[in-house]
Amino acid sequence: MSQFEQRANIKFCFKLGKTAAETLECLKTVNGDETLKKTAVYDWFKRFKNGQESLEDEERSGRPSTSKNDETIEKVKNLVQSDRRLHIQDMVNVLGISYGSVQNILKDDLGMRRVVQIATF
């Protein structure tokens, strides 16, 4: 279940008059290991208690991501298509973006489920 759906469930439990602890237990029953962390559940519960109605995250200050855009996603896709055995670190070296950004593109944008990670010592 997505984070958004879990937020909707937190809001639902809040409106039913459940406590944050009861809500967390309900989410664990339904989602198991995929449940939001305790602090996130309590944070969203507090937001709803303070009158927030939206399930969307608020805009955060700070520098927006510059490495994850359509052009970079296309470059990662092309690299994978040219050599499916290419390691994430190789892509990092070629593209000049962070390891985490490459991982996110592979998983979230290209829908890859199994990505080989090489540990470096």
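Me: Let me get the term down: buried means under 20% relative accessible area, exposed over 50%, and partly exposed in between, with a 1.4 Å probe and protein chains only. What kind of model is this, and how are residues numbered?

Reply: It is a predicted model, where local features need pLDDT of at least 70 and side-chain atom pairs count only at pLDDT 80 or more, while totals for chains, interfaces and linings use all residues. Numbering runs from 1 along each chain as its sequence is written, and side-chain values use heavy atoms, with hydrogens and water left out.

Me: Thanks! How many aromatic pairs does the structure hold?

Reply: There are 2 aromatic pairs. Phe14 and Phe45 make an edge-to-face one, 5.4 Å centre to centre with 85° between the planes. Phe14 sits in helix α1 and Phe45 in helix α3, so this pair ties together parts that are 31 residues apart in sequence. Phe45 is buried at 9% relative accessibility, whereas Phe14 is partly exposed at 26%. In the pair of Trp44 and Phe48, the ring centres are 5.8 Å apart and the planes at 40°, so that pair is tilted.

Me: What are the cut-offs for those labels?

Reply: Rings of Phe, Tyr and Trp (its six-membered ring) pair if their centres lie within 6.5 Å; planes under 30 degrees apart count as stacked, over 60 as edge-to-face, and the rest as tilted. Helices, by the way, are DSSP runs (H or I, at least four residues), numbered from the N terminus.

Me: Where do Trp44 and Phe48 lie?

Reply: Both are in helix α3, 4 residues apart, about one turn of the helix. Trp44 is buried at 4% relative accessibility, and Phe48 is buried with a relative accessible area of 4%.

Me: Which residue lies over the face of Trp44?

Reply: Arg47 does, at 4.1 Å from the ring centre. The rule there is NZ of Lys or CZ of Arg within 6 Å of the ring centre and within 35 degrees of the ring normal.

Me: Switching to Arg7, buried or exposed?

Reply: Arg7, in helix α1, is buried at 8% relative accessibility. Leaving aside neighbours within four places in sequence, Arg7 is in contact (heavy atoms within 4.5 Å) with Trp44, Phe48, Leu55, Glu56 and Asp57.

Me: And salt bridges, how many are there?

Reply: The count is 6, taking a side-chain nitrogen of Lys or Arg within 4 Å of a carboxyl oxygen of Asp or Glu. One of them joins Glu53 to Lys11, with the closest N and O atoms 3.1 Å apart. That pair links distant parts of the chain, 42 residues apart: Glu53 is in the loop between α3 and α4, and Lys11 in α1. Glu53 is partly exposed at 47%, but Lys11 is buried at 17%.

Me: Which residues are in a network of salt bridges?

Reply: Lys11, Lys15 and Glu53 are linked that way.

Me: Last one: which residues of α5 are buried?

Reply: In α5 (residues 88-95), Ile88, Met91 and Val92 are buried. They fall within an arc of 105° seen down the axis, so they line one face of the helix. The arc is taken from the directions from the helix axis to the C-beta atoms. The face turned away carries the exposed residues Asn93 and Val94. Among what covers the buried residues of α5 are α4 and α6.

Conventions
Helix = DSSP H or I, 4+ residues; strand = E, 2+ residues; numbered from the N terminus.
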